[in-house]
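Student: I'd like to go through the helix packing and the core in this one. Can you take my questions as they come?

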Amino acid sequence: MQLAKNTKKGPVLMDNLVDIHNHCNLSSDSAATPEDMAKAAFDLGVSHFALTDHIELDEFHDGEWDYWAAIEKTRPAFEKLKAEYDGKMHIYYGAEIGQPMYNLHTAEEILAAHDYDFVLGSVHRTCHYEHMGKIPDNEFDRKRVMIEYWEDMLNLVEWGKFCSLAHITFLLRFTNVDTPAGLVIEKTERAQAAYDTYKTIIDKILEIIVKKDIALEVNSSGYRRGLGGPMASAPFIKRYKELGGKLITVGSDAHQTSDVAKDINKCYALLRDLGFNEICVFKKKEPKFIKI
Ligand SMILES: [Zn+2]
Ligand SMILES: [Zn+2]
(Lines give C-alpha, C1' and ligand atoms only; values in the text may rest on other atoms or scores of the structure.)
(Ligands and ions follow the chains in the order given, each with its own letter.)
Protein backbone atom coordinates (compact mmCIF):
# COMPACT_ATOMS: atom_id res chain seq x y z
CA MET A 1 0.00 0.00 0.00
CA GLN A 2 1.22 3.45 -0.93
CA LEU A 3 1.83 5.78 2.00
CA ALA A 4 1.69 9.51 1.46
CA LYS A 5 3.95 12.07 3.03
CA ASN A 6 2.16 13.64 5.93
CA THR A 7 1.82 17.07 4.37
CA LYS A 8 -1.77 17.61 5.45
CA LYS A 9 -3.34 18.16 8.77
CA GLY A 10 -4.79 14.95 10.14
CA PRO A 11 -3.82 11.28 9.83
CA VAL A 12 -2.99 10.95 6.13
CA LEU A 13 -3.23 7.34 5.02
CA MET A 14 -2.71 7.39 1.27
CA ASP A 15 -2.28 9.99 -1.43
CA ASN A 16 -4.80 8.27 -3.66
CA LEU A 17 -7.72 7.92 -1.30
CA VAL A 18 -10.82 8.73 -3.33
CA ASP A 19 -14.42 9.00 -2.19
CA ILE A 20 -16.75 10.48 -4.79
CA HIS A 21 -20.10 9.17 -3.56
CA ASN A 22 -21.35 10.94 -0.42
CA HIS A 23 -24.55 12.55 0.81
CA CYS A 24 -25.23 15.50 3.09
CA ASN A 25 -28.36 17.28 4.29
CA LEU A 26 -29.10 18.26 0.70
CA SER A 27 -30.40 14.67 0.52
CA SER A 28 -33.56 13.90 2.49
CA ASP A 29 -31.91 10.90 4.17
CA SER A 30 -28.87 12.66 5.64
CA ALA A 31 -28.53 15.15 8.50
CA ALA A 32 -24.83 15.93 8.01
CA THR A 33 -23.79 19.36 6.76
CA PRO A 34 -21.70 19.62 3.58
CA GLU A 35 -18.89 21.14 5.69
CA ASP A 36 -18.90 18.23 8.16
CA MET A 37 -18.77 15.62 5.39
CA ALA A 38 -15.88 17.38 3.63
CA LYS A 39 -14.00 17.84 6.89
CA ALA A 40 -14.40 14.14 7.73
CA ALA A 41 -12.96 13.28 4.31
CA PHE A 42 -10.08 15.69 4.64
CA ASP A 43 -9.20 14.50 8.13
CA LEU A 44 -9.01 10.93 6.80
CA GLY A 45 -6.63 11.98 4.05
CA VAL A 46 -9.09 11.80 1.16
CA SER A 47 -7.57 13.48 -1.92
CA HIS A 48 -10.65 13.45 -4.17
CA PHE A 49 -14.07 14.09 -2.72
CA ALA A 50 -17.60 14.62 -4.00
CA LEU A 51 -21.03 15.13 -2.53
CA THR A 52 -23.55 13.38 -4.78
CA ASP A 53 -26.90 14.24 -3.29
CA HIS A 54 -30.00 12.35 -4.33
CA ILE A 55 -32.14 13.51 -7.22
CA GLU A 56 -34.87 10.86 -7.17
CA LEU A 57 -36.81 11.64 -10.30
CA ASP A 58 -39.82 9.49 -9.44
CA GLU A 59 -40.34 11.41 -6.19
CA PHE A 60 -40.46 14.93 -7.59
CA HIS A 61 -44.17 15.31 -7.28
CA ASP A 62 -44.92 13.61 -3.98
CA GLY A 63 -44.20 16.81 -2.06
CA GLU A 64 -42.24 15.21 0.75
CA TRP A 65 -38.90 16.76 -0.17
CA ASP A 66 -38.28 19.90 -2.17
CA TYR A 67 -35.84 18.61 -4.75
CA TRP A 68 -35.65 21.91 -6.62
CA ALA A 69 -34.64 23.81 -3.49
CA ALA A 70 -32.00 21.21 -2.61
CA ILE A 71 -30.58 21.16 -6.15
CA GLU A 72 -30.22 24.95 -6.14
CA LYS A 73 -28.29 24.82 -2.84
CA THR A 74 -25.86 22.22 -4.17
CA ARG A 75 -23.82 24.53 -6.37
CA PRO A 76 -23.12 27.17 -3.67
CA ALA A 77 -22.25 24.36 -1.22
CA PHE A 78 -19.80 22.94 -3.75
CA GLU A 79 -18.26 26.36 -4.47
CA LYS A 80 -17.77 27.01 -0.78
CA LEU A 81 -16.00 23.68 -0.21
CA LYS A 82 -13.94 24.10 -3.35
CA ALA A 83 -12.63 27.44 -2.08
CA GLU A 84 -12.05 26.12 1.43
CA TYR A 85 -10.05 23.07 0.29
CA ASP A 86 -8.29 24.70 -2.66
CA GLY A 87 -4.87 23.06 -3.04
CA LYS A 88 -5.63 20.55 -0.28
CA MET A 89 -8.37 18.24 -1.58
CA HIS A 90 -9.96 17.94 -5.02
CA ILE A 91 -13.70 18.56 -4.85
CA TYR A 92 -16.16 17.69 -7.60
CA TYR A 93 -19.65 19.00 -8.29
CA GLY A 94 -21.71 15.84 -8.11
CA ALA A 95 -25.20 14.37 -8.14
CA GLU A 96 -26.82 10.95 -7.90
CA ILE A 97 -29.70 10.68 -10.35
CA GLY A 98 -32.19 7.97 -9.37
CA GLN A 99 -34.88 6.49 -11.60
CA PRO A 100 -34.53 9.12 -14.36
CA MET A 101 -36.56 6.91 -16.68
CA TYR A 102 -39.66 7.60 -14.59
CA ASN A 103 -39.39 11.34 -15.19
CA LEU A 104 -37.13 11.78 -18.16
CA HIS A 105 -38.25 15.29 -18.97
CA THR A 106 -37.20 16.61 -15.55
CA ALA A 107 -33.98 14.60 -15.53
CA GLU A 108 -32.89 16.12 -18.82
CA GLU A 109 -33.91 19.59 -17.68
CA ILE A 110 -31.80 19.33 -14.51
CA LEU A 111 -28.77 17.98 -16.36
CA ALA A 112 -28.99 20.72 -18.97
CA ALA A 113 -29.17 23.43 -16.30
CA HIS A 114 -26.38 22.17 -14.02
CA ASP A 115 -22.80 21.75 -15.06
CA TYR A 116 -22.00 18.75 -12.87
CA ASP A 117 -18.51 17.28 -12.86
CA PHE A 118 -19.76 13.87 -11.88
CA VAL A 119 -23.17 12.21 -12.16
CA LEU A 120 -24.04 8.79 -10.77
CA GLY A 121 -26.95 6.90 -12.32
CA SER A 122 -28.99 4.70 -9.96
CA VAL A 123 -31.93 2.37 -9.62
CA HIS A 124 -33.27 2.46 -6.03
CA ARG A 125 -36.84 1.38 -6.82
CA THR A 126 -38.90 -0.27 -9.52
CA CYS A 127 -42.46 0.43 -10.60
CA HIS A 128 -44.08 -2.21 -8.35
CA TYR A 129 -41.70 -1.87 -5.38
CA GLU A 130 -41.32 1.62 -4.00
CA HIS A 131 -39.24 0.52 -1.03
CA MET A 132 -36.74 -2.20 -1.73
CA GLY A 133 -36.62 -2.85 2.00
CA LYS A 134 -40.29 -3.86 1.94
CA ILE A 135 -40.39 -6.39 -0.89
CA PRO A 136 -42.69 -9.21 0.20
CA ASP A 137 -40.54 -12.26 0.81
CA ASN A 138 -42.13 -14.76 -1.53
CA GLU A 139 -40.96 -16.30 -4.77
CA PHE A 140 -43.31 -14.31 -7.01
CA ASP A 141 -42.24 -10.91 -5.67
CA ARG A 142 -38.56 -11.81 -5.46
CA LYS A 143 -38.52 -12.88 -9.10
CA ARG A 144 -40.66 -9.99 -10.31
CA VAL A 145 -38.57 -7.31 -8.58
CA MET A 146 -35.36 -8.91 -9.83
CA ILE A 147 -36.57 -8.77 -13.44
CA GLU A 148 -37.92 -5.23 -13.08
CA TYR A 149 -34.69 -4.08 -11.51
CA TRP A 150 -32.43 -5.33 -14.32
CA GLU A 151 -34.84 -4.05 -16.96
CA ASP A 152 -34.92 -0.61 -15.35
CA MET A 153 -31.14 -0.64 -15.22
CA LEU A 154 -30.97 -1.60 -18.87
CA ASN A 155 -33.20 1.38 -19.69
CA LEU A 156 -31.03 3.58 -17.50
CA VAL A 157 -27.79 2.68 -19.31
CA GLU A 158 -29.43 2.88 -22.73
CA TRP A 159 -30.31 6.48 -21.84
CA GLY A 160 -26.80 6.77 -20.43
CA LYS A 161 -26.52 10.48 -19.57
CA PHE A 162 -24.35 10.00 -16.49
CA CYS A 163 -20.73 9.16 -15.68
CA SER A 164 -20.86 6.07 -13.48
CA LEU A 165 -23.40 3.32 -12.87
CA ALA A 166 -23.96 3.34 -9.10
CA HIS A 167 -24.09 0.22 -6.93
CA ILE A 168 -25.23 -2.18 -9.67
CA THR A 169 -25.95 -4.91 -7.07
CA PHE A 170 -27.95 -2.61 -4.75
CA LEU A 171 -31.06 -4.83 -4.92
CA LEU A 172 -29.17 -7.74 -3.38
CA ARG A 173 -29.02 -5.86 -0.09
CA PHE A 174 -32.77 -6.39 0.18
CA THR A 175 -33.82 -9.51 -1.65
CA ASN A 176 -32.62 -13.01 -2.24
CA VAL A 177 -32.13 -14.71 -5.59
CA ASP A 178 -34.28 -17.62 -6.74
CA THR A 179 -31.96 -19.70 -8.88
CA PRO A 180 -33.07 -22.64 -11.04
CA ALA A 181 -31.77 -24.89 -8.25
CA GLY A 182 -33.77 -23.10 -5.56
CA LEU A 183 -33.29 -20.21 -3.20
CA VAL A 184 -29.76 -19.10 -2.40
CA ILE A 185 -29.64 -18.19 1.27
CA GLU A 186 -26.24 -16.66 2.02
CA LYS A 187 -26.19 -12.91 1.49
CA THR A 188 -22.53 -13.06 0.44
CA GLU A 189 -23.39 -15.55 -2.35
CA ARG A 190 -26.20 -13.51 -3.85
CA ALA A 191 -24.07 -11.63 -6.36
CA GLN A 192 -22.78 -14.76 -8.06
CA ALA A 193 -26.28 -16.30 -8.02
CA ALA A 194 -27.81 -13.14 -9.49
CA TYR A 195 -25.15 -12.95 -12.17
CA ASP A 196 -25.55 -16.63 -13.12
CA THR A 197 -29.35 -16.42 -13.18
CA TYR A 198 -29.74 -13.08 -14.99
CA LYS A 199 -26.53 -13.26 -17.06
CA THR A 200 -28.14 -12.32 -20.38
CA ILE A 201 -29.52 -8.98 -19.27
CA ILE A 202 -26.62 -8.19 -16.91
CA ASP A 203 -24.12 -8.77 -19.72
CA LYS A 204 -26.16 -6.46 -21.92
CA ILE A 205 -26.03 -3.74 -19.23
CA LEU A 206 -22.27 -4.16 -18.84
CA GLU A 207 -21.67 -4.24 -22.59
CA ILE A 208 -23.56 -0.97 -22.98
CA ILE A 209 -21.62 0.85 -20.26
CA VAL A 210 -18.33 -0.35 -21.74
CA LYS A 211 -19.40 0.85 -25.18
CA LYS A 212 -20.61 4.21 -23.86
CA ASP A 213 -17.57 4.83 -21.59
CA ILE A 214 -19.76 4.86 -18.50
CA ALA A 215 -17.83 3.84 -15.40
CA LEU A 216 -18.80 1.00 -13.08
CA GLU A 217 -19.03 2.17 -9.49
CA VAL A 218 -17.48 0.05 -6.75
CA ASN A 219 -19.49 1.21 -3.75
CA SER A 220 -17.94 0.26 -0.43
CA SER A 221 -21.24 0.37 1.48
CA GLY A 222 -21.79 -3.28 0.47
CA TYR A 223 -19.31 -4.17 3.21
CA ARG A 224 -21.38 -2.27 5.78
CA ARG A 225 -24.59 -3.93 4.54
CA GLY A 226 -23.42 -7.50 5.00
CA LEU A 227 -22.82 -8.37 1.34
CA GLY A 228 -19.23 -9.35 2.12
CA GLY A 229 -17.93 -7.04 -0.61
CA PRO A 230 -18.70 -3.87 -2.49
CA MET A 231 -21.51 -3.12 -4.95
CA ALA A 232 -20.67 -3.89 -7.77
CA SER A 233 -19.70 -7.26 -6.33
CA ALA A 234 -16.71 -9.19 -7.60
CA PRO A 235 -18.47 -11.29 -10.30
CA PHE A 236 -19.81 -8.10 -11.88
CA ILE A 237 -16.46 -6.29 -11.75
CA LYS A 238 -14.77 -9.34 -13.27
CA ARG A 239 -17.28 -9.49 -16.12
CA TYR A 240 -17.02 -5.75 -16.75
CA LYS A 241 -13.25 -6.17 -17.14
CA GLU A 242 -13.64 -9.19 -19.47
CA LEU A 243 -15.90 -7.08 -21.67
CA GLY A 244 -13.19 -4.41 -21.93
CA GLY A 245 -14.31 -2.07 -19.13
CA LYS A 246 -11.59 0.23 -17.82
CA LEU A 247 -13.45 2.92 -15.89
CA ILE A 248 -14.01 2.31 -12.18
CA THR A 249 -15.17 4.90 -9.63
CA VAL A 250 -15.21 4.34 -5.89
CA GLY A 251 -17.37 5.79 -3.16
CA SER A 252 -18.52 5.05 0.36
CA ASP A 253 -22.12 6.26 -0.14
CA ALA A 254 -21.75 7.84 3.31
CA HIS A 255 -24.81 9.61 4.70
CA GLN A 256 -23.00 10.45 7.95
CA THR A 257 -19.46 11.53 8.74
CA SER A 258 -18.49 8.23 10.37
CA ASP A 259 -18.96 6.37 7.08
CA VAL A 260 -16.89 8.68 4.87
CA ALA A 261 -14.17 6.73 3.01
CA LYS A 262 -15.09 3.60 4.96
CA ASP A 263 -13.74 0.40 3.38
CA ILE A 264 -12.40 2.19 0.30
CA ASN A 265 -9.06 0.49 0.98
CA LYS A 266 -10.83 -2.90 0.87
CA CYS A 267 -12.26 -1.94 -2.54
CA TYR A 268 -8.75 -1.08 -3.75
CA ALA A 269 -7.43 -4.46 -2.58
CA LEU A 270 -10.26 -6.28 -4.37
CA LEU A 271 -9.81 -4.20 -7.52
CA ARG A 272 -6.08 -4.94 -7.60
CA ASP A 273 -6.84 -8.67 -7.17
CA LEU A 274 -9.18 -8.42 -10.15
CA GLY A 275 -6.49 -6.77 -12.27
CA PHE A 276 -7.31 -3.06 -11.98
CA ASN A 277 -4.42 -0.78 -11.07
CA GLU A 278 -6.24 2.47 -11.56
CA ILE A 279 -9.60 4.04 -10.86
CA CYS A 280 -10.99 7.34 -12.07
CA VAL A 281 -12.62 10.55 -10.98
CA PHE A 282 -14.64 12.80 -13.27
CA LYS A 283 -14.01 16.48 -13.89
CA LYS A 284 -16.55 18.16 -16.20
CA LYS A 285 -17.71 14.60 -16.93
CA GLU A 286 -14.29 13.57 -18.29
CA PRO A 287 -12.47 10.69 -16.58
CA LYS A 288 -9.07 11.26 -14.93
CA PHE A 289 -7.14 8.20 -13.83
CA ILE A 290 -5.62 7.60 -10.43
CA LYS A 291 -3.27 4.72 -9.63
CA ILE A 292 -4.26 2.47 -6.76
ZN1 LIG B 1 -27.79 5.14 -4.41
ZN1 LIG C 1 -25.88 7.35 -2.76
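Student: How are α4 and α6 oriented, roughly parallel or roughly antiparallel to each other?
Tutor: This is a predicted model. In it, the axes of α4 (residues 139-159) and α6 (residues 199-211) cross at roughly 15°. Angles under 35 degrees count as roughly parallel, so α4 and α6 are roughly parallel to each other.

Student: And within what distance do the axes come?
Tutor: The axes of α4 and α6 come within 9 Å.

Student: Left-handed or right-handed crossing?
Tutor: α4 passes α6 in a left-handed crossing.

Student: Which residues in α4 and α6 meet?
Tutor: From α4 there are Trp150, Met153, Leu154, Val157 and Glu158, and they meet Ile201, Ile202, Lys204, Ile205, Ile208 and Ile209 in α6. By class, that contact has nine nonpolar, two charged and no polar residues.

Student: Now the largest nonpolar core. Which residues touch the most other members?
Tutor: Met37, Ala41, Leu216 and Ile248, out of 86 residues in that core. α4 gives the most to this core, with seven residues.

Student: What does Met37 touch, beyond residues up to four places away in sequence?
Tutor: Met37 touches Asn22, Cys24, Ala32, Leu51, Ala254, Thr257 and Val260.

Student: Switching to Arg239. Where is it found?
Tutor: Arg239 is in helix α8, which spans residues 234-242. Arg239 has 19 other C-beta atoms within 10 Å, so it is partly exposed; buried would take 20 or more.

Student: Which residues is Arg239 in contact with, leaving aside neighbours within four places?
Tutor: Tyr195, Asp203 and Leu206. Leu206 is 33 residues apart from Arg239 along the chain, and their C-alpha atoms are separated by 7.8 Å.

Key
Residues numbered from 1 in each chain as written. Chains lettered and ligands numbered in written order. Predicted model: local features only at pLDDT ≥ 70, side-chain atom pairs only at ≥ 80, totals over all residues. Axes fitted to C-alpha atoms, helices over the stretch in contact; angles between N-to-C directions. Helix = DSSP H or I, 4+ residues; strand = E, 2+ residues; numbered from the N terminus. Parallel < 35°, antiparallel > 145°, perpendicular 65-115°, else oblique. Left-handed = near helix turned anticlockwise from the far one by under 90°. Contact = placed C-beta atoms within 7 Å. Nonpolar A, V, L, I, M, F, W, Y, C, P; charged D, E, K, R; others polar. Core = buried A, V, L, I, M, F, W, Y, C linked by C-beta atoms within 7 Å. Buried ≥ 20, exposed ≤ 12 C-beta atoms within 10 Å, placed from the backbone.
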